Amino acid sequence: MNRHARFSLLLGLSALVAVAVFGFSPEKLSAQSAGDVTFAADVAPILQASCQECHNPEGVGPMSLLTYEEVRPWAPMIREKVSTREMPPWHVDKNVGIQQFKNDVSLSDGEIEKIVQWVDSGAPLGNPADLPPPLEWPSGEDWRLESLLGRPPDLIVPSTSFDVVANGLDQWHTPVVEIEGLDGPRWVLANETKPSYPLGRRVTHHANSSVLRVVDGEEQRAGFSNFGIGKPYDIYPLNTGMMVQPGDQLSWNIHYYPIGQEVIGEVAEVGLWFYPEDEPPQFATAGDQSFGSYRSDDQEMVIPPNSRQITQGIHVLQQNARIHSFRVHEHLIGTGQSLEAVYPDGRVEILGKAGWHPSWHITYLYEDHVAPLLPKGTVLIITAWYDNTENNPWNPDPNTWVVHGRRTGDEMSHMWIGISYFDDGQFEYLVAERERVLEELGIATAGEEDGG
Ligand code: HEC
């Protein structure tokens, strides 16, 4: 224990003693400290941890939130956005489903409470000596995974270049490019997508890619990388990877929107991080696969004016599987989706549920120890909600019928699921391994919970 920690422990103990001796109730203590919530001591650390990554002068957020002077005018708006959980962007329903994610950026109830108290008490600065030292924010030129994985990408695959017009309609760019620079098969551990900086980042609405491979004359496609606001990278679960080999191609699907300034020669790049050549992972992932949330294109997806609707897609898994991530995709009328499993033994479990906001494409990456393990025969039910009323702020016209289609004004609804498939031997191994890990972490397994 260092001196500082020992000192805080002493302070903590003396507070306890004060409670014991003078009979202060904990409620009184917290009510008393409510007025003392300050920017310097309480709010700045929260903004550093959860907001500044985007809200810095070069980030994707519309304003910088680094200093008290920058934050103060936004205080009421910040109060609103954090208490409705619109910010930070994390739209998982906290009341149902698995809640452990690798990329969770949400605030705790206590943090939200602190921000609300701070704004309600006049948003004071407090003692400037309490301010945490400012953080350095990486520029949009850097790979974000570089700091997480400790090295730059092992291979960079660029798209072909594209000229984005200054004004006009959205543009699509769908080149297919060779993955160059591979001597043999390599296993991808993680990937990240990066448009050019700064202009490319501003014009790129999304940039996704799939790996294309021709096997026995047949084209195979695996969902690979995604870039949308809030979603630059993917990390596969431990010991799991996606294999790429010479001859494979990346098939891009890039959506640009004009920003009033021409952007010439825009190129997006995907950075690949590999497993060591002599230590390939045990398991292969199928990548991101699309699961529909309605029965067929023309059936069901007809949403009358001024109405709400629900559709469901039902998928029976033909193989044992593990889901490591999910991402909601809808257009303007959809408001969210849930993912539910009905196991072969009849047990029903909601795996996740998230709201949909058209400007955010967030992939929710499960922590490895909770990534659902689903025996073959498990039924996945994807439920989607739609709001074609004026209460939906994104709805362009609540008085029209909405049908299924690709155009932005039509509706679409599917869930992108990061999934891997296993034979029975592999699956048994993974189930046993999971039980071992949960025991090690001191977490009861699903079976035991059921009994209790
Ligand atoms: C992943 C990036 C990201 C993070 C993290 C993030 N924001 Fe934002 N924020 C945005 C973007 C982009 C917008 C504008 C688009 C939108 O509202 O969805 C925005 C909008 C806002 C707005 C509304 C501004 C306006 O003019 O309407 C507020 C207030 C805000 N953020 C505060 C916060 C706070 C406070 C946090 C942390 C607790 C935070 N944000 C975390 C990216 C982010």
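Which residues does Arg 85 touch, not counting residues up to four places away in sequence? They are Trp 90, His 91, Lys 94, Ser 106, Leu 107, Ser 108, Asp 109 and Ile 112. The model is predicted. It holds 10 helices and 24 strands.

**Overall architecture**
- The protein has 452 residues, and 44% of them are buried.
- Among contacts with a separation of 6 or more, 79% join residues 24 or more positions apart.

**Arg 85**
- Arg 85 sits in the loop between helix H5 (75–83) and H6.
- Its relative accessible area is 24%.
- Leu 107, one of the residues touched by Arg 85, is 22 residues from it in sequence. The C-alpha atoms of Arg 85 and Leu 107 are 8.1 Å apart.

**Packing of H3 and H6**
- Helix H3 spans residues 39–50 and helix H6 spans residues 109–120.
- The two helices pack at an angle of about 130°, and their axes are 10 Å apart. That angle makes H3 oblique to H6.
- The crossing of H3 and H6 is left-handed.
- H3 contributes Phe 39, Asp 42, Val 43 and Ile 46 to the contact. H6 contributes Glu 111, Lys 114, Ile 115 and Trp 118.
- The residues of this contact comprise 5 nonpolar and 3 charged, with no polar ones.

Notes: Residues are numbered from 1 along each chain as its sequence is written. This is a predicted model: local features need pLDDT of at least 70, side-chain atom pairs count only at pLDDT 80 or more; totals for chains, interfaces and linings use all residues. Side-chain values use heavy atoms; hydrogens and water are left out. Axes are lines fitted to C-alpha atoms, for helices over the stretch in contact, and angles run from 0 to 180 degrees between N-to-C directions. Helices (H or I, at least four residues) and strands (E, at least two) are DSSP runs, numbered from the N terminus. Angles under 35 degrees count as roughly parallel, over 145 as roughly antiparallel, 65 to 115 as roughly perpendicular and the rest as oblique. A crossing is left-handed if the near helix is turned anticlockwise from the far one by less than a right angle, and right-handed if clockwise. Contact means heavy atoms within 4.5 Å. Ala, Val, Leu, Ile, Met, Phe, Trp, Tyr, Cys and Pro count as nonpolar, Asp, Glu, Lys and Arg as charged, and the others, Gly among them, as polar. Buried means under 20% relative accessible area, exposed over 50%, partly exposed in between (1.4 Å probe, protein chains only).
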